[in-house]
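This report goes through one protein model, part by part. Please look at the sequence and the structure before reading on.

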Amino acid sequence: MTTPAPPCRLYVLVATTAPAALIMRRGPSGWWHLLEWDLRAREVRPGAWFRGTLYPRRCDLSPDGKLLGYFALGHGQPPWDTYFAVSKTPWLTALVAWHTSGTWTGGCEFASDNSLKISASIDKQPFHGRYPYDATVGDLTLDWTYRDLQNEYKRGWRPLEGQPERLPPELREAVLIGRVQPGGERALVLAHTGTDFQRHGIEGVQVSYLREEDDGSLTPLPEAAWADWDSKGRLLMATWEGSVKIIERRSGTWAETWSHDLRDLTPAPTPPPSWAQAW
């Protein structure tokens with residue numbers, strides 16, 4: 001009997017000013033794959049394959065979704081062992097790169113003008129390439145929970161308090177954040193229950209999602225490995241089983257209106273296009 005491959009792990013970065021997202025897919029073991037998610041056309045287009053380790057919770061998309069700031073642990077000789085870099089999505093060709101002191105990194109954040117702030121134990125100057133916008137290196141934060149959730153905070157999620165009676169018992173000690181649906185009144189809730197590298201989860205982070213209903217109750221979303229609203233108020237989701245979905249409110253109920261299966265992909269690295277190799 002053939003043993004089925006373990007499900008891939010998915011994480012999504014969503015652009016703040018464009019209908020675009022980047023899917024970061026781990027699997028098989030030791031491999032990552034980037035895919036461009038066009039939210040307007042409802043299409044997924046493949047990009048780079050990478051053998052090494054990416055840290056999606058410490059990455060960021062530029063507001064228009066065209067640039068990726070990423071942290072990687074590769075198999076190269078220093079300084080290509082651990083580094084922060086900027087590439088054009090959905091590729092990983094480093095147009096500029098900074099060497100880091102191991103994995104002591106916080107993350108990065110693009111501003112509206114594409115200026116970049118990196119929080120890490122990192123060299124102040126890039127060892128490779130150049131960045132055509134402003135780039136600053138800030139101190140490393142030791143608030144690991146904030147680091148785990150920093151991408152949500154960038155997109156408008158906020159801490160929640162006084163929620164225990166609405167939560168399942170196993171989530172009542174969790175760190176809670178929420179984001180109200182654009183154009184709506186109800187929130188999506190994320191419960192952060194810690195870090196466990198022995199369990200399924202991006203960077204070992206354990207999260208659960210719940211959707212607030214019209215009566216104020218919270219409906220668990222057990223299939224969601226990642227979820228967020230897009231600018232139109234649609235629920236975007238990456239599942240534990242390895243698919244991405246769009247879920248919309250139709251006639252008073254939530255309905256899946258699109259999905260794309262990302263299971264059973266085999267690493268097939270291809271050279272990046274010429275436009276991804278230069279500014």
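Which residues do ring pairs link into a cluster? Tyr 70, Trp 80, Tyr 83 and Phe 127 are the residues of that cluster. The model is predicted, so local features need pLDDT of at least 70 and side-chain atom pairs count only at pLDDT 80 or more, while totals for chains, interfaces and linings use all residues. Residues are numbered from 1 along each chain as its sequence is written, and side-chain values use heavy atoms, with hydrogens and water left out.

**Aromatic rings**

A pair of aromatic rings is described by the distance of the centres and the angle of the planes. Rings of Phe, Tyr and Trp (its six-membered ring) pair if their centres lie within 6.5 Å; planes under 30 degrees apart count as stacked, over 60 as edge-to-face and the rest as tilted. By this rule there are 12 aromatic pairs. One of them joins Trp 80 and Tyr 83, which are edge-to-face, with 5.0 Å from centre to centre and 80° between the planes. Trp 80 is partly exposed, at 31% relative accessible area, whereas Tyr 83 is buried at 7%. Here buried means under 20% relative accessible area, exposed means over 50%, and partly exposed lies in between (1.4 Å probe, protein chains only).

Trp 229 and Trp 254 form a tilted pair, because their ring centres are 5.9 Å apart and their planes stand at 35°. Trp 229 belongs to strand 18 (residues 224-229) and Trp 254 to strand 21 (residues 253-261), so this pair ties together parts that are 25 residues apart in sequence. Strands (E, at least two residues) and helices (H or I, at least four) are DSSP runs, numbered from the N terminus. Trp 229 is buried, with 1% relative accessibility. Ala 227 is also placed in strand 18, and Ala 227 is buried at 1% relative accessible area. From Ala 227 to Trp 80 there are 147 residues in sequence and 32 Å in space, C-alpha to C-alpha.

**Strands and a helix**

Two strands pair if DSSP finds at least two bridges between them. An open sheet of 5 strands has the order 13-14-15-16-17, with antiparallel pairing. Why is one side of strand 13 (158-159) and of strand 17 (218-220) left without a neighbour in the sheet? Both strands stand at the edges and each has a single partner strand, so one side of each has no neighbour there. Strand 13 pairs with strand 14 (residues 175-180) in the antiparallel sense over 2 bridges, and Arg 158 stands opposite Gly 178 in strand 14.

Strand 3 (residues 31-38) and strand 4 (residues 43-51) also pair in the antiparallel sense, over 7 bridges. Trp 37 is opposite Val 44 in strand 4. The hairpin of these two strands has 4 residues between them, and in it Arg 42 takes a positive phi near 55°. Arg 45 is in strand 4 and is partly exposed, with a relative accessible area of 30%.

In helix 1 (residues 144-154), the buried residues include Arg 147, Asp 148 and Leu 149. Just after helix 1, Gly 156 has a positive phi of about 100°.

**The cavity**

On a 1 Å grid over the protein atoms alone, a cavity is a set of points where a 1.4 Å probe fits but cannot get out, and lining residues have an atom within 4 Å of a point. Grid points are joined across faces, edges and corners, and a volume is the space filled by probe spheres set on the points. The model has 1 cavity of 30 Å³ or more, and the largest cavity has a volume of about 70 Å³. The 13 residues that line the largest cavity include Leu 10, Gly 201, Ile 202, Ala 225 and Trp 240, which are the closest to its centre. Strand 1 (9-14) and strand 16 (205-212) each give two or more residues to this lining, and strand 1 gives the most, with 3 residues.

**Cysteines**

A disulfide is a pair of cysteine sulfur atoms within 2.5 Å, and the structure holds 0 disulfides. The table shows two cysteines whose sulfurs are too far from the closest cysteine sulfur for a bond.

| Cysteine | Closest cysteine sulfur | Sulfur distance |
|---|---|---|
| Cys 8 | in Cys 59 | 17 Å |
| Cys 108 | in Cys 59 | 6.3 Å |

Cys 8 is buried at 4% relative accessible area, and Cys 108 is buried at 3%.

Methods: On a 1 Å grid over the protein atoms alone, a cavity is a set of points where a 1.4 Å probe fits but cannot get out, and a pocket is an open set with protein on both sides within 12 Å along at least five of seven lines; lining residues have an atom within 4 Å of a point.
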